[in-house]
Every structure is written in structure tokens, then in C-alpha cells.
Amino acid sequence: NERGIYTGLKEAMYTYMRFLDIKEVRELKGVILVTNTKFSDQAIEFSRCYGLDLLGWKYPPGEGLEVKIEKSKMYPITVLSGLISESEIADLIKSGFVSTRDLIERKAEVGDDAMRVIRGL
């Protein structure tokens with residue numbers, strides 16, 4: 001939630017190197033680095049050179065994470081910040097709720113405050 005946070009070259013290189021390590025002992029078809037941040041230009045350039053697929057905020061252009069979230073309506077539970085307390089969000093995450101869809105599908109497991117939010121979705 002802070003401006004300027006990005007996934008850079010270091011993370012891209014680390015992901016690719018781990019892929020190479022694992023590929024030595026297990027058959028893998030490819031590797032993808034997924035993040036909810038934007039990628040640096042260096043990370044994008046590295047990924048193009050080494051065949052590392054990237055999925056992040058606004059990347060690939062027109063197919064980024066924000067587009068996939070909108071199309072699937074699979075919003076992260078953290079979008080409820082400001083509607084319910086941060087401690088309630090933390091409790092939901094600890095209980096395995098990752099998306100707002102989880103709330104709707106498992107509403108019997110959710111407290112009264114969260115249910116008021118669900119009704120508004």
C-alpha cells in the first residue's frame with residue numbers, strides 16, 4: 001500500500017536461479033514470478049532475456065494482476081481495510097480467508113461485523 005514499492009532485478013534473478021536449482025532434480029516446464037507490485041524495467045528486461053514469465057500490477061500490459069482480479073471478481077481480503085478492523089482482517093487471514101469470495105462461500109464461519117460487510121458486497 002505504499003507508493004514506489006516494486007519488484008526488481010534481484011527478485012527476478014533469485015526466482016530464476018531457484019528455478020534452475022529445482023529443475024536439476026525435478027522436471028519443470030517453466031517459471032513465473034507473481035507479485036502484487038509493479039516490476040522494475042531491469043526485472044522486465046531480465047525476464048525477457050531468460051524466459052521468466054512475469055505477472056504483476058499492470059504487467060503484462062492489459063493482462064496484469066489488476067485485470068485478472070477484476071475479471072474473476074476475486075478481490076483480496078485486504079480490500080476490506082477501513083470497513084472492518086485490521087485485527088479482524090488478520091484473524092480472517094489466519095483462518096484461511098484469502099479473498100472476498102471466501103467470505104461469501106464460507107459465511108457461516110464469519111463473525112457478525114464481517115457479515116455486515118459481506119451483505120454490502
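Is Lys73 buried, partly exposed or exposed, and what is its relative accessible area? Lys73 comes out partly exposed, at 47%, where buried means under 20% relative accessible area, exposed over 50%, and partly exposed in between (1.4 Å probe, protein chains only).

A quick note on the model before the close-ups. This is a predicted model, so local features need pLDDT of at least 70 and side-chain atom pairs count only at pLDDT 80 or more, while totals for chains, interfaces and linings use all residues. Residues are numbered from 1 along each chain as its sequence is written, and side-chain values use heavy atoms, with hydrogens and water left out.

**View 1. Lys73 and Glu70 meet in a salt bridge.** The N to O distance between the two side chains is 3.7 Å. A salt bridge here is a side-chain nitrogen of Lys or Arg within 4 Å of a carboxyl oxygen of Asp or Glu. The structure holds 1 of these. As background, side chains of opposite charge can pair when their charged atoms come close.

**View 2. Pro76 sits in the loop between helix H3 (65-72) and helix H4 (86-94).** Helices (H or I, at least four residues) and strands (E, at least two) are DSSP runs, numbered from the N terminus. Pro76 is partly exposed, at 32% relative accessible area. Skipping neighbours within four places in sequence, Pro76 is in contact (heavy atoms within 4.5 Å) with Ile69, Val98, Ser99 and Thr100. Take Ser99: 23 residues away from Pro76 in sequence, yet 4.3 Å away in space, C-alpha to C-alpha.

**View 3. Thr35 lies in the loop between strand E2 (32-34) and strand E3 (38-39).** Thr35 counts as buried because its relative accessibility is 14%. Its side chain makes a polar contact with the side chain of Thr7, at 3.2 Å. A polar contact is a pair of N or O atoms within 3.5 Å; within protein, one must be able to donate a hydrogen and the other to accept it, and residues adjacent in sequence count only if both atoms are side-chain atoms. Beyond four places in sequence, Thr35 touches Thr7, Leu55, Gly56, Trp57 and Leu65.

**View 4. The largest nonpolar core has 12 residues, including Phe19, Phe39, Ile44 and Tyr59.** Such a core is a set of buried Ala, Val, Leu, Ile, Met, Phe, Trp, Tyr and Cys residues joined through side-chain atoms within 4.5 Å. Helix H1 (9-23) and helix H2 (41-50) are the elements giving two or more residues to this core. Apart from it lies another core, of 8 residues, among them Ile77 and Phe97.
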